[in-house]
Amino acid sequence: MSLWRTKSIEDSLADSHLEHRSLKRTLGTWDLMVMGVAVAVGAGIFSVGARAAGQYAGPSVSLSFVLAAITCALAIMCYAEFASTVPVAGSAYTFTYATLGELLAWIIGWDLILEMLTAAAVIAKYWGIYLSLVFDLWNWSVPDTLNLGGLQVSWGPFIIVAVFTTLLVLGTQLSARVGAVFTIIKVAIVLFVIVVGAFFIQPANYSPFIPESVPTEGGSSDAWTQSLFSFMTGAAPAQYGVFGLLAGASLVFFAFIGFDVVATSAEEVKDPQRNLPRGIFGGLAIVTILYIGVSLVLTGMVPYTTLAEAEDPSLATAFVAVGADWAAQVISVGILAGLTTVIMVLLLGLARVLFAMSRDGLLPRWLSVTSDKRRTPVRIQIISGILVALLAGLTDVGILEEMINIGTLSAFVLVSIAVVVLRRKRPDLPRAFRVPLSPFLPILSAVLCLWLMLNLTTLTWLRFAIWLAVGLVIYFVYGRRNSVLGKEQAAARLIRGVEG
């Protein structure tokens, strides 16, 4: 059936050399490592861990980070095998198109758009808020919103998105160099926070390491805010305990999103078979060490109950609680630097997924035209920037945070399955990196990602279903009829019919 038609690896590789629709290979291992750290070490390291500790896992939040890191690492192995085998823009979308068919490829591409669009918008919004907080440190009163004709406009997102959209249009390598500067700054601040916080650790705060499970407010009657797993099984939603630790892993997984974005740049990597696996795994290792270090310091500084009582717990909450108010100022600067690079990489990833889908005809092909001089997808990059800026500047994007996780995890599930499928369909393909213990580890990756998805709220799943429904309408109305692969196969059938 045409819904399950697959695009061959050879065709995908050939597309990367199309005139006016190809990208320039400029990135090396170091650039990819920096990109991974740049997109993963953002506000999450300063706030998500504190929320997970206070509301779900207690001191065992460090194990939540370990579980999330293992899940991410398993999925990233699958990405690394694919990206080194098919070094073409599009990441999970391209991989799925080559193995599981066009319909599933569209769905995963649509999910990636959801992930990167909402993540870029949410983080751009927070960037504007934290910029105002940094201004406050200098006693400059600059509100983060402006009233324009009765409309509340967050001005910060428009500035930061415009800056990085311009840089990305000028060239991926230039953007990577600018991002590297901000990444070094924020990693230095994170290390500073870990070292200083270590002096305030009280071993008693680690006990009990896994707090006893207690029912959450609202109980099972609060259908929209409980996890889908609790809703389906009838289990009462609970904080802490083993299930709290697992729920914490689902939450802190947000801090690991972005490594799949690195894979979207595969078509711009020099010697991708060698550099892609090294860059992705190097970045993941650095990020995991930083996250575990921060979580151990955080839960050692103050009792987890202190974090639970805070309205919006963060690392700053812990430092204020121990009387180190000055550290909160350093953290604000670190958050601002962290968010800056995250926005850049997400804008890059969003444009590359849209680029791959439009080059295949599932979206208008005129979007995939690249500039003659810099070979960047100027049209798509500018449109992506406008969409992100409008969403962040004019709407309340906070309600979309969990949508980022479900978009990422759904992509991880399909890529993990696709590795097994491609091994069976094309065992002849040269693979610079191979997932060990296949098919066991890819299947384990898919199961763990699906488990984390089930720990997201029922409201998040409802919104996800609506997003998929909208995407399917677009596919059947436009994408399926305009698919380049579909047209080529129809033309081939016509020729065979004439010859027959």
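Predicted model: local features only at pLDDT ≥ 70, side-chain atom pairs only at ≥ 80, totals over all residues.
Residues are numbered from 1 along each chain as its sequence is written. Local features need pLDDT of at least 70 and side-chain atom pairs 80 or more, while totals for chains, interfaces and linings use all residues, and side-chain values use heavy atoms, without hydrogens or water.

**Exercise 1.** Check the chain's radius of gyration against the globule rule.

Solution. Start with the rule, taken over C-alpha atoms: 2.2 Å times the number of residues to the power 0.38. For 500 residues, a compact globule would come out near 23 Å; the chain has 23 Å, so the two agree. Next, the box: the C-alpha atoms fill roughly 80 × 50 × 45 Å along the principal axes. Finally, 58% of the 500 residues count as buried (under 20% relative accessible area, 1.4 Å probe, protein chains only).

**Exercise 2.** Work out where valine 261 sits and whether valine 261 is buried or exposed.

Solution. First find the element: helix H11, residues 259-263, holds valine 261. Helices here are DSSP runs (H or I, at least four residues), numbered from the N terminus. Now the cover: valine 261 has a relative accessible area of 0%, so it's buried. Last, take methionine 344, 83 residues away along the chain: its C-alpha atom is 11 Å from that of valine 261.

Notes: Buried < 20%, exposed > 50% of the residue type's maximum accessible area, 1.4 Å probe, protein only. Helix = DSSP H or I, 4+ residues; strand = E, 2+ residues; numbered from the N terminus.
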